[in-house]
Amino acid sequence: MDIDALRKAHPDHWMRAAAIRTLTLDAVAAANSGHSGMPMGMADIATVLYAKHLRFDPKAPHWPDRDRFILSNGHGSMLLYSLLYLTGYEQMTLEEIKNFRQWGARTAGHPEYGHAEGIETTTGPLGQGIANSVGFAIAEEALRARFGAKVMNHHTYVMAGDGCLMEGVSQEAIALAGMQKLSQLIVFFDHNGITIDGKVSLADATDQPARFAASGWHVQEIDGHDPEAIDAAITAAKADERPSMIACRTHIALGHAAQDTAKGHGALTDADQLAAAKEAYGWTGGPFEVPAEIKSWWEGLGARGAEARAEWEANFTKLSKAKQAEFNRCFDREVSNKLSATVKALKKQMSEEKPKLATRASSQKALEVLNPILPETLGGSADLTGSNNTQTADMGVFSPDDRAGRYIHFGIREHGMAAALNGMALHGGVKPYGGTFMCFTDYARGAMRLSALSNIPVTYVMTHDSIGLGEDGPTHQPVEHLAMLRATPNYRVIRPADAVEVAEAWEIAFTSKTNPTVLALTRQGVPTVRTEHKTKNLTAQGAYVLADAEAGKRQALLMASGSEVSIAMEARKLLEAEGIGTRVVSMPCMELFAEQDESYRKRVLPGGPVRVAVEAGVRQGWDRWLLGERGREAKAGFVGMEGFGASAPAEELFEKFGITAEAVAAKVKALLG
């Protein structure tokens with residue numbers, strides 16, 4: 001690679017891009033940790049993108065109609081941090097660059113949403129960023145259809161590497177994007193041919209441009225170090241009616257002794273080699289020094305964005321006051337003022353009618369009244385619409401022919417769906433939810449974890465939540481999944497007992513601003529246990545007393561969630577008939593209960609009675625409430641699953657696995673001695 005020829009061909013561009021490369025080298029060397037090669041290889045593309053195409057304003061980083069820039073190969077985070085510093089984002093100071101990867105710094109090892117303005121999504125687990133970008137692009141299309149092109153009309157740009165494209169989620173993402181013809185989505189493939197182990201050819205022979213083309217994408221192949229070719233490719237991509245992939249042939253760690261090697265992927269910290277690379281670039285500044293004229297040029301790009309934002313603001317004021325208020329409501333993640341009353345009315349109806357419904361069916365009933373008053377909802381399913389009950393008649397189907405449709409057919413792509421939902425929530429202005437079988441949270445797990453880490457309000461509708469799904473057997477019957485999800489920080493895992501708790505669960509999910517929510521819903525019918533109407537959202541307390549002891553002194557306390565609450569109620573009848581006073585606590589959400597103050601938790605779970613928890617899953621997670629919170633190991637028991645399920649009708653499975661009212665009553669009596 002003739003570095004001198006590159007410098008001479010485009011000297012101004014070269015030095016501007018070199019600012020990214022040198023900041024990266026200095027930050028990684030100071031941290032003695034990081035990934036130098038990707039930012040050094042992709043600096044030319046970033047420079048052209050920011051100089052000639054990206055619409056952004058560092059002084060208004062949350063401007064709704066800004067272009068979105070996503071670094072899917074998040075290990076190259078210093079590329080993004082350098083850009084934010086150079087263009088003048090207030091939160092990305094030179095001090096933050098110097099503190100790369102240090103405690104308390106905004107410049108984490110991989111970009112984290114919320115750490116600094118200008119970071120659009122949390123990336124690092126490869127493939128997530130490109131899969132998020134599909135959600136960003138869907139949200140942009142949906143909002144353009146709703147509010148008009150004068151206030152919503154921007155692009156989503158993504159940088160992705162070989163690793164991103166090897167991850168399976170990338171195929172789910174690009175297939176969905178191609179089918180949906182998301183023409184505002186442009187991906188730069190960092191085609192450097194290197195991974196940590198060595199050359200890509202050690203593990204992969206995929207023709208990536210052909211793969212994208214086969215999925216319905218517009219594809220170009222260019223020299224990723226030629227600024228004129230980069231500019232022309234972006235211009236062509238913006239003009240096409242398909243999503244675009246630009247395969248950029250680049251050199252990892254360009255200009256360094258480790259160029260084009262696996263070593264170039266990681267931390268390049270050798271002082272002599274660093275100095276030699278800077279000399280090759282023609283860079284004379286010391287560590288973290290950017291010449292004033294180069295910094296000024298970069299800041300000028302940010303200032304230029306203020307003009308585009310001002311034009312957008314002028315267009316926005318031309319909307320009616322009502323439409324402006326609605327737009328702002330959606331981007332502020334506020335809900336309609338009709339939500340509370342609508343939920344209360346539905347709860348009252350369900351308490352009076354007392355239906356025996358699968359909670360997945362109750363969920364659809366809730367959505368049938370909530371979706372019409374929340375036009376920002378975008379829902380979907382991973383090819384299980386009829387099973388998840390996630391579609392309502394008012395929504396219409398989102399497609400290339402109907403961007404106003406609000407229901408998305410994600411196909412059999414659980415991971416891609418979850419990542420896209422993250423992208424929609426991060427874009428803003430929409431309220432996304434998606435469904436699949438509870439067991440297939442395994443497939444979606446990578447993206448679901450990032451929902452929690454990113455503090456974003458995505459709702460996962462996970463049906464067929466236990467052995468109660470019956471004949472499909474143990475491959476589809478979740479037993480450990482509730483415990484896995486409850487173990488994930490920042491999640492609210494809600495397993496409602498009946499139609500009333502389902503309505504309350506949806507109210508919690510739709511009003512959340514910083515927590516993802518899992519709704520664990522049954523396939524089988526369950527009776528209504530909340531037969532007395534209460535206006536208060538009891539599910540929001542996490543747990544509450546559903547029925548108390550009537551046969552005398554309270555000797556037993558039963559805890560349950562979901563379909564097993566009705567089993568606990570039947571066990572209570574048996575125990576009370578024998579003079580054993582029994583309280584039943586419905587615990588739809590452990591996380592919310594843990595957030596309640598000590599006095600409330602003590603009222604719900606007082607010391608004294610024996611405690612039995614019943615849930616058609618593993619015990620893990622229940623011991624906090626059985627043994628802690630004034631409980632005692634000698635006076636606590638669990639009725640649930642210890643292994644995998646089996647293929648049989650649901651009723652028989654509950655009997656064979658001993659999850660019955662009789663078994664619960666027997667456990668209580670054994671503990672009482």
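**Aromatic pairs, sheet and cores of a predicted model**

Both W14 and Y281 are buried, a term that denotes under 20% relative accessible area, with exposed meaning over 50% and partly exposed the range in between (1.4 Å probe, protein chains only). The structure is a predicted model, in which local features need pLDDT of at least 70 and side-chain atom pairs count only at pLDDT 80 or more, while totals for chains, interfaces and linings use all residues. Residues are numbered from 1 along each chain as its sequence is written, and side-chain values use heavy atoms, with hydrogens and water left out.

A pair of aromatic rings is described by the distance of the centres and the angle of the planes. Rings of Phe, Tyr and Trp (its six-membered ring) are taken to pair if their centres lie within 6.5 Å; planes under 30 degrees apart count as stacked, those over 60 as edge-to-face, and the rest as tilted. By this rule the count comes to 20 aromatic pairs. The ring centres of W14 and Y281 are 5.9 Å apart and the planes stand at 65 degrees, so this pair is edge-to-face. W14 belongs to helix α2 (residues 11-31) and Y281 to helix α11 (residues 271-281), so that the pair links distant parts of the chain, 267 residues apart. Helices (H or I, at least four residues) and strands (E, at least two) are DSSP runs, numbered from the N terminus.

The aromatic pair of W312 and F327 is tilted, with 6.2 Å from centre to centre and 50 degrees between the planes. Because W312 lies in helix α12 (residues 292-317) and F327 in helix α13 (residues 321-331), the pair ties together parts that are 15 residues apart in sequence. Both W312 and F327 are buried.

R21 is placed over the face of W14, at 5.0 Å from the ring centre, and K295 over the face of Y85, at 4.6 Å.

An open sheet is formed by 5 strands in the order β1-β2-β3-β5-β4, with parallel pairing. The edge strands, β1 (68-71) and β4 (218-223), each pair on one side only. Two strands are said to pair if DSSP finds at least two bridges between them. Strand β3 (residues 185-191) and strand β5 (residues 244-249) pair in the parallel sense over 6 bridges, and H191 stands opposite R249 in β5.

A nonpolar core is a set of buried Ala, Val, Leu, Ile, Met, Phe, Trp, Tyr and Cys residues joined through side-chain atoms within 4.5 Å. The largest such core has 66 residues, and those with the most contacts inside it are L185, M424, M448 and Y460. Helix α6 (residues 128-147) gives the most to this core, with 10 residues. Another core, of 65 residues, lies apart from it and includes I45, F69, Y81 and L274.

K278 lies in helix α11 and is buried, with a relative accessible area of 7%. Leaving aside neighbours within four places in sequence, K278 is in contact (heavy atoms within 4.5 Å) with T22, D26, W283, G285, G286 and P287. T531, by comparison, lies in the loop between β13 (525-526) and β14 (544-547) and is partly exposed, with a relative accessible area of 43%.

Terms used: A charge sits over a ring if NZ of Lys or CZ of Arg is within 6 Å of the ring centre and within 35 degrees of the ring normal.
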